[in-house]
Amino acid sequence: MKILVAVKQVASLDEDFEMRVDKKDVEEDFLLYDLNEWDDFSLEEAMKIKESSDTEIEVVVVSVGPVRVDESLRKCLAKGADRAIRVWDETIEGSDSIVIGRILAAVAKKEVPDMVFAGVQSSDQAYSSTGISTAAYLDWPHAAVVADLQYKPGSSSAVIRRELEGGMLQEVEINCPAVLTIQLGINKPRYASLRGIKQAAAKPIEEISLADIGLSPADVGAGSSMSRVRRMYIPAKSRAQMIEGTIVEQVAKLIQIINEFKGA
Amino acid sequence: MRVKKTAYTLVDKAISSGDVYNTAAVYGISDGRRRKLLENMVFSKRRELLRLASWAHTPTEVLQMLSDSDDSFVMLRLCKNPKTPSEALTKLYVKSFKGSSKGVNLTTHIAKHQHTLTNLLAIIIHVNEGLEILRAISQNPSANGQLLMELLSYSPQDEKYKVFDKSVASNPSASAEALKVIYDRGDAYTQAAVIAHANCPVLLLSLAESDSDVFVQRKLVCKCVKLDVLANLAENKDTAVRCGVASNELTPQSLIKKLMDDSSFEVRRRLAKRCDLQVADIERLMNDEDSWVRLWIARNKITPLRVLKVLSYDTCHEVRRAVASNPRCPVVLLEALAKDNNAWVRSAVAYQNKSPMRLLVDLAKESNIDVLSGVANNRHTPQSILQELALSSESDIRRGVILNRNARRTTLMPLLEDPYYLHRLMLVDNPMLNADDKLQLCEDPDFNVRFAAYSWFAGLEKSTKTWV
């Protein structure tokens, strides 16, 4: 039995930053990289299944990205993932989330997992579509925003609870294998033990090319994507206004604004 | 004393690690060729340079060294970093003045910075690059009374400078003279800020006594005012003003008695916190309908034991918890509260310094995280129990052991391998562990821990020249 967990190394911004010359992204020196928060939860969900099962379960993490992504994959290995795969080719640069889904699906076809987990979204791009497009390319059932999972390894179905608006949960039975996008809070992700970190440093990360998964440069990149970034910019400030005055004055003005909005 | 090394060995170790945070930690104890090497390492990667310039823990001497950078974004981050020293800020201002900051505005941030020298602020005022920069100075506590007076002199010349009055009124460096000027021409909000100011002259407080504005009265009531003024303010319609009377240390017993009947629970809560309450007042407030009034009585250090005993049966568990947390709570009450059906109450018993060992041994048999965290924190907990708790799967409980000043070296040793990086970081300064034990933290996977460990060894090096 095998669970494939798709993870992403996400970028966050550190206060002031410079844009790239092509104005399509932020200059890389200003970005801080870390494992996507949602992916911590999907990995933990896979680990929970692995640790509570009588049968042997392999947890494989996969990511699409350059060498720097190894750091995030090692974090997953330190938390107990059995193997880590990184897919990269220069031609992948500029791919949208649908193309990334195609790449992940190709990895899944090669690995033949019983389940695929992904995070609901990535904190940097927030498309919320990578997991779903992976399912589409695999032609597997999928469920998004999974807040609870009851799954016995080897079963032909799983029962999940999906998070809806207004605090509602939707209980769904889903056929397996399936692709699930996991929501924050479904579990309590562990910290990697020091021993785990040391062991992960020695574990190999499998680097695979497009050819290894039956894809060609023509299948990926901006040219094969259905959407392309035209530019990235900070919009001009409009309605925001600083409340001036002494602290007491600021509080009084704030109360006045709140009352006006309430119609009091 | 297995570990005994010199500063050079520590610096060499940091250099060979290739980690920019390790090098930042030992920069202060390096010199000559080694210092140059460290500087080259820091300046070799822009990404690291940018991070160190804004990092809250970057040592002052490293920030000073970074001010040599000609990268305008590094300069900007240094101007915004609250730790950047005066000398570096002066250098950055000169560079900015010469146009080295490539259009990035540094002056507003330098004008705001609390380490900017008063002389430099004076220069910035005279260069006068615009309202925002001058306003930043008017808010800066480093600006002395003379500079603030100068800014106030702009106001009569131009309406736009009136904003300085409000910021100077809240600036701790404002002199009594400046406050007088502002009060005389200020609106009610500005006058209220002046009255609240620590340097507010007595003359203005006297003037404010006859002020009917509620904002002024709210501030006035917190100051040392005459008893007749307090008596008047105790009749005020505004609850916040009456709360001020209830909190004022000068409020006489006669007024306290009067406020006991106040319709606002907020006023009664303030009274319940007072350290000069008479027994009869305490006994009255312990029956208050508001649970927070009872809670403050239960927490009050002057509350008599018989009142604490009554409150230990209170229907509100937060009140019972407050009794258990009270430093005067007797052991006999702690014993009873240790059997409370609410875990939050038992947790307070576990944290209580007066709880005897036998009580803690019993509480250690529980499974509740809050209770066990309290046991882990308590200095009377036996070492054998602390050793068990150090292996708990709950990080809050393990943290309790780390925070326990009586936790011995052997108890703490397994926690050097704790999965939570913050726990390992907390152990860097623990006096129960020796340098030998802490050496492994220099190799920690987390850069925060490594930096703290290297900083600890560097500090030791500065003070003793050897690691012992």
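## Interface between chain A and chain B

Chain A and chain B of this predicted model bury about 2,200 Å² between them, 57% of it on carbon and sulfur atoms; buried area is the accessible area (1.4 Å probe) that two parts lose on being put together, summed over both. To the contact (heavy atoms within 4.5 Å), chain A gives 25 residues and chain B gives 26 residues.

Five salt bridges are counted between chain A and chain B, each being a side-chain nitrogen of Lys or Arg within 4 Å of a carboxyl oxygen of Asp or Glu. One of them joins B:Lys166 to A:Glu249, with the closest N and O atoms 2.8 Å apart.

## Largest pocket

The largest pocket has a volume of about 1,800 Å³, the space filled by probe spheres set on grid points joined across faces, edges and corners. On a 1 Å grid over the protein atoms alone, a pocket is an open set of points where a 1.4 Å probe fits, with protein on both sides within 12 Å along at least five of seven lines; lining residues have an atom within 4 Å of a point.

Its lining has 46 residues, and A:Asp34, A:Glu71, B:Pro445, B:Asp446 and B:Phe447 lie nearest the centre.

## Second largest pocket

The second largest pocket, with a volume of about 1,500 Å³, is lined by 50 residues. Nearest its centre are A:Lys8, A:Asp25, A:Ser95, A:Asp124 and A:Gln125.

## Basis of the values

Residues are numbered from 1 along each chain as its sequence is written, and chains are lettered from A in the order in which they are written. Local features need pLDDT of at least 70 and side-chain atom pairs pLDDT 80 or more, while totals for chains, interfaces and linings use all residues; side-chain values use heavy atoms, without hydrogens and water.
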